[in-house]
Amino acid sequence: MSLKRNLFWIALALVLAGGVGAYVYLMGTVVSDDEAHKSTADLEDDAKKKAAQILELVKRAEKPDELLNADHVRLVKEYKARLEAQAKGVREAWKDKKLDLRFENVPTESSTKFDTWLGDLRTKLTDQAAKANLQLPQDFDVLTFARASTDENSTDPMRHRAYRVRQMAIVEEVVGLLCKKYGKQPILKFAAENATPEPQETPEVGPLVLERIQIWPAQEWVVKSATDRTTAGTSSTTTTAEDRIRSWQEDAVKRAGRNVTSVSRMYTMPDLPYAITAVDVQFTAPLSIVPAVAQALESSTRYVAVTTRLDYQRATTPFPALTEPKLAKAEAVPGMNTHYQEGPVRALLSLDLYEYDAGREKAIKEKLATDAAALAKRDRDQRTNREQTKDSNH
């Protein structure tokens, strides 16, 4: 009997222990769920804070000294080194890029002898154009300085020996290139019998007329005889390549419908160690050879040029007058539209000639050093202000 009673109490104890365990387990599960809900809310808050921190880091990463991590710094430094190496290579390759004068025995003694030399060169170019059937512009004597003597003491830079030698080098190269042949043009010939096919020839052709050469010198040409362009006498009225580029930019702004009160404030020359000379060449030639002529003028070995404009249109007088003698003989009339020959076009080519300038490169380096120092000081001040603000908040 005692054993049975003990088994009863043992079984009752086990039942009570199981009930207590089940209660604890169930209540523990409910508490865990509540804790889980609280943790999710906390995690959401943490995620928002982390997102805000990441956005702040992204904004700060735009500054060179506050990149996200060391890898970013290393990659940026490597990229910067590659760019600097490429820029150095370009500068070294272009240091010998100068206008090749190619003139021998240029008189340096007196202005009279120099003017005589100029006259001989002018005659040479005129004869060369006549042999090539190239018509020169009406102001060719002005272009080649026939109307004003050389004077080193003049305030007008166009009367200085160096200025004239440089301009004559450009003129000589342009005239020489336009005197060449660049293709063939079909031309019909008159046949006496209607049943006889008209004979055809394909002679070599080149430019027919050099209508205009206009040169805008680099600013260094103009101010060479004066330290300040604004006080350089007549040289202050000389239009430079920089002035021409500025006028083009002003025209572009106006065409865009914008009202710019001072384009000079908007316009700044790029920081390049090169002096730029702008050249316009307007010529008349058969349409088929215009690209070849333009390529020859741009790729000359005498200078380094970049084409900035190439326009063309039909010649203003495309047909010959009825009194043209060659019409009565049914012959081709050069430069005109007839049954026997196609008329030419008028082309306008604009070039920018680049020359390495050590003075500009020195000025650019000094400006970069000054700008870098100012930028570093600004960044130091900004970091100091942030640290002071952070300390005050704590």
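Predicted model: local features only at pLDDT ≥ 70, side-chain atom pairs only at ≥ 80, totals over all residues.
The protein contains 11 helices and eight strands. Of its 394 residues, 31% are buried.

Four of the strands build an open sheet. Their order is β5-β6-β8-β7, and the pairing is antiparallel. In general, the strands of a sheet pair through backbone hydrogen bonds, in either a parallel or an antiparallel way. Which strands stand at the edges of this sheet? They are β5 and β7. Each has a single partner strand, so one side of each has no neighbour in the sheet. On average, neighbouring strands are turned by 15° against each other, with direction ignored. A helix also packs on the sheet: α9, residues 290-298. Helix α9 touches β6, β7 and β8. The direction of α9 makes about 15° with that of β8.

The pairings can be followed strand by strand. Strands β5 and β6 are joined in the antiparallel sense over seven bridges. Here Arg 212 has Gln 282 of β6 as its bridge partner. Strand β6 spans residues 274-285. Strand β6 also pairs with β8, again in the antiparallel sense, over 12 bridges. Two residue pairs illustrate this contact between strands. Phe 283 has Ala 347 of β8 as its bridge partner. Ala 285 stands opposite Val 345, which belongs to β8. Strand β7 covers residues 304-314 and pairs with β8 over 10 bridges, in the antiparallel sense. Within β8, Leu 348 is the bridge partner of Asp 311. Likewise, Arg 346 of β8 is the bridge partner of Gln 313.

How many residues of β6 are buried? The count is 12 of the 12, so β6 is largely enclosed by the rest of the structure. Tyr 274, Ile 276, Ala 278, Asp 280, Gln 282 and Thr 284 point one way. Ala 275, Thr 277, Val 279, Val 281, Phe 283 and Ala 285 point the other way. The residues of both sets are all buried. Strand β8, residues 345-356, is mostly covered as well. In β8, 11 of the 12 residues are buried.

The next results concern empty space. Rolling a probe the size of a water molecule over the atoms shows where such space is left. A search of the whole structure finds two cavities of 30 Å³ or more. The largest cavity has a volume of about 40 Å³. Its lining includes Lys 98, Leu 99, Arg 166, Ile 170 and Trp 221. Thr 277, Tyr 303 and Val 304 also line the largest cavity, as do Leu 353, Tyr 354 and Glu 355. The elements that give two or more residues to this lining are α5 and β8. Strand β8 supplies the largest share, three residues. By class, the lining of the largest cavity has seven nonpolar residues, one polar residue and three charged residues.

The structure also has pockets, and the largest pocket holds about 560 Å³ of space. The lining of the largest pocket is made by 31 residues. Which of them lie nearest its centre? They are Leu 208, Val 209, Pro 334, Gly 335 and Pro 344. The elements that contribute two or more residues to this lining are β4 (204-205) and β5 (209-216). The lining of the largest pocket has 15 nonpolar, 10 polar and six charged residues.

Where is the place of Glu 172? Glu 172 sits in helix α5, residues 161-178. Is Glu 172 buried or exposed? A residue counts as buried when its relative accessible area is under 20%. The value for Glu 172 is 12%, so Glu 172 is buried. Leaving aside residues up to four places away in sequence, Glu 172 touches Phe 103, Leu 121, Lys 124, Leu 125 and Arg 302.

Conventions. Residues numbered from 1 in each chain as written. Heavy atoms only, no water. Buried < 20%, exposed > 50% of the residue type's maximum accessible area, 1.4 Å probe, protein only. Contact = heavy atoms within 4.5 Å. 1 Å grid on protein atoms, 1.4 Å probe; cavity = no way out; pocket = protein on both sides within 12 Å on 5 of 7 lines; lining within 4 Å. Points joined across faces, edges and corners; volume = space filled by probe spheres on them. Nonpolar A, V, L, I, M, F, W, Y, C, P; charged D, E, K, R; others polar. Pairing = 2+ DSSP bridges. Axes fitted to C-alpha atoms, helices over the stretch in contact; angles between N-to-C directions.
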